[in-house]
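Subject: Structure handover

Hello,

Please find the structure below. My notes on what was found in it follow.

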Amino acid sequence: MPIIRGDNLDRFPEAARISGFGTSRFPAGTRNPVELHFHDGEELWFIVEGRLLARYDGREIMLQAGEALL
């Protein structure tokens, strides 16, 4: 598997269906850092540090460091 960075997205295997990626960092205590939205595709949130309260599929889920939401 190749190493993928923002400047070489063309190296993603076509079967991965990934069109892009990015990173975000939200300061502790930030309320609603991301507006409610919809993607016609997949989105992966991986929590590196701290925790994040996410609304997903009509419910709220608390994600902790080391967890992911797809």
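How many aromatic pairs does the structure hold? The structure holds 1 aromatic pair, where rings of Phe, Tyr and Trp (its six-membered ring) pair if their centres lie within 6.5 Å. Phe-26 and Trp-45 form this pair, which is stacked, at 6.3 Å centre to centre and 25° between the planes. Planes under 30 degrees apart count as stacked, over 60 as edge-to-face and the rest as tilted. Because Phe-26 lies in the segment before β1 and Trp-45 in strand β1, the pair ties together parts that are 19 residues apart in sequence. Phe-26 has a relative accessible area of 31% and is partly exposed; Trp-45, at 23%, is partly exposed too. Here buried means under 20% relative accessible area, exposed over 50%, and partly exposed in between (1.4 Å probe, protein chains only).

Before the rest, some points on how to read the values. This is a predicted model, in which local features need pLDDT of at least 70 and side-chain atom pairs count only at pLDDT 80 or more, while totals for chains, interfaces and linings use all residues. Residues are numbered from 1 along each chain as its sequence is written, and side-chain values use heavy atoms, with hydrogens and water left out.

The chain as a whole

The chain has 0 helices and 4 strands, in the order β-β-β-β along the sequence. Helices (H or I, at least four residues) and strands (E, at least two) are DSSP runs, numbered from the N terminus. Of the 70 residues in the chain, 11% are buried. Among contacts (heavy atoms within 4.5 Å) with a separation of 6 or more, 14% come from residues 24 or more positions apart. The accessible surface is about 6700 Å², and carbon and sulfur atoms hold 50% of that; the areas come from the Shrake-Rupley method with a 1.4 Å probe, and for residues only the protein chains shown count as cover.

The hairpin

Strand β2 (residues 51-56) pairs with β3 in the antiparallel sense over 6 bridges; two strands pair if DSSP finds at least two bridges between them. In this pairing Leu-52 has Leu-63 in β3 as its bridge partner, and Ala-54 stands opposite Ile-61. The two strands form a hairpin with 2 residues between them, and Asp-57 in the turn has a positive phi of about 55°.

A search of the whole structure finds 1 salt bridge, defined as a side-chain nitrogen of Lys or Arg within 4 Å of a carboxyl oxygen of Asp or Glu. The side chains that meet in it belong to Arg-55 and Glu-60 (3.4 Å, N to O). Both Arg-55 and Glu-60 are exposed.

Loops and surface

Ala-65 sits in the loop between β3 (59-64) and β4 (68-69), and counts as partly exposed because its relative accessibility is 43%. Leaving out residues up to four places away in sequence, Ala-65 touches Ile-47, Val-48, Glu-49 and Gly-50. The C-alpha atoms of Ala-65 and Glu-49 are 4.8 Å apart, with 16 residues of separation along the chain.

Val-48 is in the loop between β1 (45-46) and β2. Its relative accessibility is 68%, so Val-48 counts as exposed. Together with Leu-44, Phe-46 and Leu-70, Val-48 forms a nonpolar patch on the surface, with about 470 Å² of accessible area together. Patches are made of residues with over 30% relative accessible area and no salt bridge, with like charges joined within 9 Å and nonpolar side chains (Val, Leu, Ile, Met, Phe, Trp, Tyr) within 5 Å.

Regards
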